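Have the viewer open and follow along.

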Amino acid sequence: MQRRFLRESTLLQIILCCVIATGVAYALAQYFSNRSLWLDEASLALNILDRSFVELLDPLDNYQVAPIGFLMTEKVFTLVLGENELALRLFPLLCFLASLPLFFILCKRLLQHSTVVPLATSIFSTTHALIYYASEVKQYSTDVLCTIILLSIATGKRNTSSRYIAICSTTGALFVWFSHISIIILCTCGLYLLYSGIHKNQKYRYLLPLFIWALSFCVYYVFLIHDHPSSMAMKKFWGNYFLPLNPFSGEFYLFLVRAAKNLYAHLLGFGTWYWIPILISVAGLVSAIMRKKYSLVFFCLAPLCIHLLISVFRLYPFSERLVLYLVPLCIVLYSVGLDASLRVVQKYIFPLPSLMLAIPALVMLALLAKNYPREREEIKEHLHYISQSIKPDEHVYVYYASKSALTFYQKNGFTRLNEEFIHGSVFRNQNHLYDSEILHLTGKVWMLFSHVYPSNTEENEEKYMIDLLLRNGGKILQKIEDTGSRCYYIDTGKAEN
């Protein structure tokens, strides 16, 4: 019996290690697929390319917001490796790759269970949202890495040595400048260290890191967040992602349901079956409480509760990519729940083999393969085709949301087209205001669309513009579609001026 258990355990470890390696391979392949920059990526990338290190300290253009440490690091990568997508996405990729072994260490400290640790790590390595954001020019992979490092430090073997205090203090103070959510994790770690200090009657020793973290955040807030010109626009944009204040209202609980769905359906990738991993995670939470794993419960729930609390005061929204850092903690609870559920089944229903724990990891791998490679707004192929096909005296009408990506690809030399572009105006929810601009087009014209605004009217802006041309004698000569992007070659039926 003991020999059989060892064989099963060894085989399970081998399978999970293979899943982890496959997840890493998928992350690298996603990175090297070199998809087009989408609107937000391109807008942030232009700030990085166009500004000096000092200028990056100023509010960014195009309503972009990112931690200063992340921006500075991205700037270094572009100066060393060139102004291209791979250079811009390398730092997020490195953050993801570094997160994997560190997450394994964090799990060992939280779980102290030989089976659950590799299970959680394998699920982490194959979560499609973590792999996608590992190749996006945004700071969310950095958020995940900072979270794992800070929690690893807090859950490590604590002592009162000057070395430990220095590591705690400097790491937390530094990460404030690399991750906006670091303050949530620092609050979590600070509460835990303060409790530990009081419990061991050494609370004053642990106050020094808390003071340094608070000082670093205050400096960052005063100089880089307070009275930020984009704050009102950001609050308006994220208006539906702040937890309602009244806990007795239906909206309060609907928000919590949407938040859970966001984490498990979208970020973890379970789609319409998201309620199953939620129930399993609840089982994991109950199991941890029954086994008196209170530190595990605290570290998994405290960041979630703190984030929801600050969202009540409209300080930081609770939205999909902004809560990516919570995914590792959801994975921990989910993995604990899987192990606990299997043990209950083995004890009371049927002696299933421990190899059954490989199934959830393989399911995550299947979900990843289904969504691979993930693309967003593939504009590069259209630009290449237009540059090869455009004739003298023809122009390209560029939809306003496509401008950032176009400007980036002009700047890095991907497309040599320049004077041929007509840049569209912005008249959101007022489609009729596009009439004069569109009807002014003459001859044969190319029209490029990506990140099309849905509009509050029955027709989105792209459909409205194309139909307007067709109603006024225009004819579609060619239409090329790609993920999130379309290109039209249209004869307007009007002689050129």
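Two strands count as paired here if DSSP finds at least two bridges between them, and the elements themselves are DSSP runs numbered from the N terminus, with helices (H or I) of at least four residues and strands (E) of at least two. Before going further, please keep in mind that this is a predicted model, in which local features need pLDDT of at least 70 and side-chain atom pairs count only at pLDDT 80 or more, while totals for chains, interfaces and linings use all residues. Residues are numbered from 1 along each chain as its sequence is written, and side-chain values use heavy atoms, with hydrogens and water left out.

Back to the strands. Phe 449 has Arg 486 in E5 as its bridge partner. On the other pairing of E3, E1 runs parallel to E3 over four bridges, and there Val 398 stands opposite Leu 448 in E3. As a general point, the strands of a sheet pair through backbone hydrogen bonds, either parallel or antiparallel. E3 is also mostly covered, with six of its seven residues buried; buried means under 20% relative accessible area, exposed means over 50%, and partly exposed lies in between (1.4 Å probe, protein chains only).

Now step back to see the whole sheet. Five strands make an open sheet of mixed pairing, in the order E2-E1-E3-E5-E4. Its edges are strand E2 (421–423) and strand E4 (475–482), each of which pairs on one side only. From one strand to the next, the twist averages 20°.

Gln 478 stands opposite Tyr 489 in E5, and Asp 482 has Ser 485 in E5 as its bridge partner. E4 and E5 form a hairpin with two residues between them, and Gly 484 in the turn has a positive phi of about 70°.

Which helix lies across E2, E3, E4 and E5 as well as strand E1 (395–398)? That is helix H17 (residues 380–389), running at about 140° to E4. Helix H18 (residues 403–411) packs on the sheet too, touching E1 and E2, and its direction makes about 145° with that of E2. Contact here means heavy atoms within 4.5 Å, while axes are lines fitted to C-alpha atoms (for helices over the stretch in contact), with angles from 0 to 180 degrees between N-to-C directions.

Next, the aromatic rings. Rings of Phe, Tyr and Trp (its six-membered ring) pair if their centres lie within 6.5 Å; planes under 30 degrees apart are stacked, over 60 edge-to-face, and the rest tilted. By this rule there are 27 aromatic pairs. One of them is the stacked pair of Phe 103 and Phe 124, at 4.5 Å centre to centre with 20° between the planes. This pair links distant parts of the chain, 21 residues apart: Phe 103 is in helix H4 (residues 85–111) and Phe 124 in helix H5 (residues 116–125). Phe 103 counts as buried because its relative accessibility is 0%, and Phe 124 counts as buried because its value is likewise 0%. Ring pairs also link Tyr 399, Tyr 400, Phe 449 and Tyr 488 into a cluster.

Some rings have a charge over them, meaning that NZ of Lys or CZ of Arg is within 6 Å of the ring centre and within 35 degrees of the ring normal. The charged end of Arg 374 sits over the ring of Tyr 132, 4.0 Å from its centre, and that of Arg 428 sits over the ring of Tyr 453, 4.1 Å from its centre.

Most residues other than glycine have a negative phi. Arg 314, however, has a positive phi near 60°; Arg 314 is in the loop between helix H14 (294–312) and helix H15 (327–348). His 451 has a positive phi of about 50° and is in the loop between strand E3 (444–450) and helix H20 (461–471). His 451 counts as partly exposed because its relative accessibility is 30%.
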